[in-house]
Amino acid sequence: MNAFRQVGEKQLPNPVLCMAWSPKKDLIALANTAGELLLHRLDGLPRVWSLPTSEYPGEEITAIAWRPDGKILAFSVGDTKQVVLCGVEKAEILHVFPIQYSVTCMHWMEVTEESNDLSSFYSTEDESKLFLPKLPTLPKSYSTTSKIFSEEKSDEMLNLLGEIRLNILVLGGKSGVVELYAYGMYKIATLSGVSGVCRSLSLSSDLKSLAAITEVCSGNYNKESCYIQLDTGLLSDYLPEVTRMARKFTHISTSLQYLNLSLTCMCEAWEDILIQMDLRLTKFVQEKNTSTQVQDEFLELLLFGKSSPELQALLMNQLTVKGLKKLGLSIESSYSSIQKLVISHLLSGAEALLYHLSEVKGMSLWKQKFEPLGLDSTAIEDAITAVGSFSLKANELLQVIDKSMKNFKAFFRWLYVAMLRMSEEHVPPELNKMTQKDIAFVADFLSEHFSENKELFLRKGKYFNIERVGQYLKDKDEDLVSPPDAKGNQWLEFLKGTHLEASPLLFPSYPQKSLQFVKRLMENVIEHCLENPAKVIGSSIKLAAFMPLYAVPESSEKTQHFELPSLWNDKKAKMHYVVFCMPEISPSKVFIMRRGTDPNRQIPNGIMSINLSHQFGFTDGEAAEAHPLDARFYDDETLTVVFEGLREQRSYRVLAQLPFASSLSSCETEFNWDSNLRLDQQSGAIPSQTLVLGNQWRDLDNMKAQYVAVNGNRKVACVVSANLRHIRVFEMDVEDEDDEGGDGHNASADQDGLENSSANQMEVEESQQAKDEAVEDGGDSALKPEKHLESEEAL
């Protein structure tokens, strides 16, 4: 009977760069060198989904982290310097935000502290639903080529907020910059006082301190692994206020995404078919021999029913009756869709944005509570004004659409009848009647859209501007080609020459700018409004401890995503734990250091080592010394370790559980750290304990195991080989039972299902690269590794 039950094994086509277990489900996320993000289930390791590499071709994923509720997966992408939030259910990219550095590690934690203020906030947080209607789901008929949004994504995007309890995504990079994002979206702190390259991060659940492991270049160009602890007391002291502020700002970020998605759908609903009519009319002006203007020729056709041969050729040969009818239907359908999107989605999103910003402004006026967090009422007021300007521009677009639809209907109806008469076809009686109002509509349309404006031609390169809606949707800094006519507007006439014209109570309208321009202006103002709290909170975080641990071996660069040290936050005892090895100094020891989350709290027995020179319990009683390869915290009391050792001239690998908590409590020798020396330079004085494994270990046959990832909540472990292509998954709280013919996973059984012998298995790992090329080439050969893998698992 073996400790731990093996439930899955796979040979992967590409080496694994990083992996992480879901905190709530039996899922493991893997990132490989091909730039893919893979999600596998526990039993048998079947693939749930893979994020296509076409999203970010050629870019490797540098770090991954699960949101504490297990519904969102965050990952960072190589040199593009972006962090992506991905929905776990459908492998959909829900949110992307840029950063100024390359991310090397990330950690997503959840706050466990409770208070009366927080409890009341949790019960009233959704009160906005009483005042705001639910944002409608965007039409499913629209699809976008954007990397951020896709079909049917508005519902998932609105669920980005997740649970009300505060959770924070911590990012660390090569330049030593550390950033904190509340709910994975809103940046609440930027720390620039961290030296070196961040390798591991852990923000305590009580928000009192942030622990980090960094690699710092020393004076002789050698790298040192250092432990850094930062005092984040301001976040802890103002936890209710931070939660309220972060929740509101996350609502604002989500509303901005909703507006972006609505505008994307509007751009797709608008068709550029009218541009073809502009081009044909321009070509007609350049080629016609008559000296009359196009406007005059259309008016002559309207009044007298006659047209020049050139105009008749344009209408009958280039536009055609059928083409004109199709054009009219397309314009009407396009305008109706845009109108619905503006009313139902764009204005609803702007209304929600205005509501949340107004609440944040009220919070900023409570100086005692929110001024220390950097809320600036002036910046928030500017953001409210920008949202008001955006709403005005959206209403202006509605007026333009309404006017254009009326004019276009009258114009195309008249032109359709005129072309039927030219072709001597039957005119339906319902179309043959034109009232004086219809004639006035057509005349206004011709005078407004068909005038040959030489200045417009010199400025824009064309004579005509028939379509007025598309100019509002173009994301350019240029002024509108045909701004709305403000003549006769009684409100504007009233404001002229009065003190109200410059009043801060009125929203500026930007009559010469497009909707996209005003939207970008609004986003910039809101972004500036959100930046100040991150600067204020970041400046309050101070360095509490800096402890150099050991010199980093040069070989660690190859697998830096798996290298020790590893951090752990003990929520009950409120301590940071660090586990690491120093193979060049003490090859058979695992070192554990612990520090209080409160920087001012003194912890006895702050550091100790576990000596792994012990009996493994083999039947012949032979002693075997083991060297730790990797170690991770399974829970607050247990370490999961991968060993390497020699027995009977044969190398073996072992997966084991070490109950270290009892050793820490029984250690009586106190280590006095000399702050002038690295820890490896005084390792001989570190107290050492010896543990007996008992039956909590398992021989990893036919696998050159090197690294391990664990999840104590789900009671699972994933072991990775040295070449990063071979993985095994174990359930840690159960044991394998031998079958009558012997268990296929027994340490003493033959592993014919995988390969004929241990030596052959090593050959398989070394030759896997050739198989990977066949997988990438496609065709039938791409199926062979999958079939081979299935047969291995069956055996």
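Strand β21 (residues 607–611) and strand β26 (residues 688–690) pair in the parallel sense over three bridges, two strands being paired if DSSP finds at least two bridges between them. Strands here are DSSP runs of E with at least two residues, and helices are runs of H or I with at least four, numbered from the N terminus. Within this pairing, Asn611 has Thr690 of β26 as its bridge partner. The model is a predicted one, in which local features need pLDDT of at least 70 and side-chain atom pairs count only at pLDDT 80 or more, while totals for chains, interfaces and linings use all residues. Residues are numbered from 1 along each chain as its sequence is written, and side-chain values use heavy atoms, with hydrogens and water left out.

β21 also pairs with strand β20 (residues 586–596), this time in the antiparallel sense, over five bridges. There, Val590 stands opposite Ile610 of β21. How many of the residues of β21 are buried? Five of its five are, where buried means under 20% relative accessible area, exposed over 50% and partly exposed in between (1.4 Å probe, protein chains only). In a regular strand the side chains alternate between the two faces of the sheet. In β21, one side carries Ile607, Ser609 and Asn611 and the other Met608 and Ile610, and both faces are covered.

Turning to the helices, α11 (residues 377–422) packs against α17 (residues 515–540) at an angle of about 165 degrees, with the axes 9 Å apart. Axes are lines fitted to C-alpha atoms, for helices over the stretch in contact, and angles run from 0 to 180 degrees between N-to-C directions. α11 is therefore roughly antiparallel to α17, a term for angles over 145 degrees. The contact (heavy atoms within 4.5 Å) involves residues including Ala383, Phe390 and Leu397 of α11 and Val518, Met522 and Cys529 of α17. By type, the contact residues divide into 14 nonpolar, two polar and three charged; Ala, Val, Leu, Ile, Met, Phe, Trp, Tyr, Cys and Pro count as nonpolar, Asp, Glu, Lys and Arg as charged, and the others, Gly among them, as polar.

Leaving aside neighbours within four places in sequence, Ala551 is in contact with Lys223, Glu224, Arg678 and Asp680.

For the chain as a whole, there are 20 helices and 30 strands, and buried residues make up 53% of the 795 residues.

Conventions
Angles under 35 degrees count as roughly parallel, over 145 as roughly antiparallel, 65 to 115 as roughly perpendicular and the rest as oblique.
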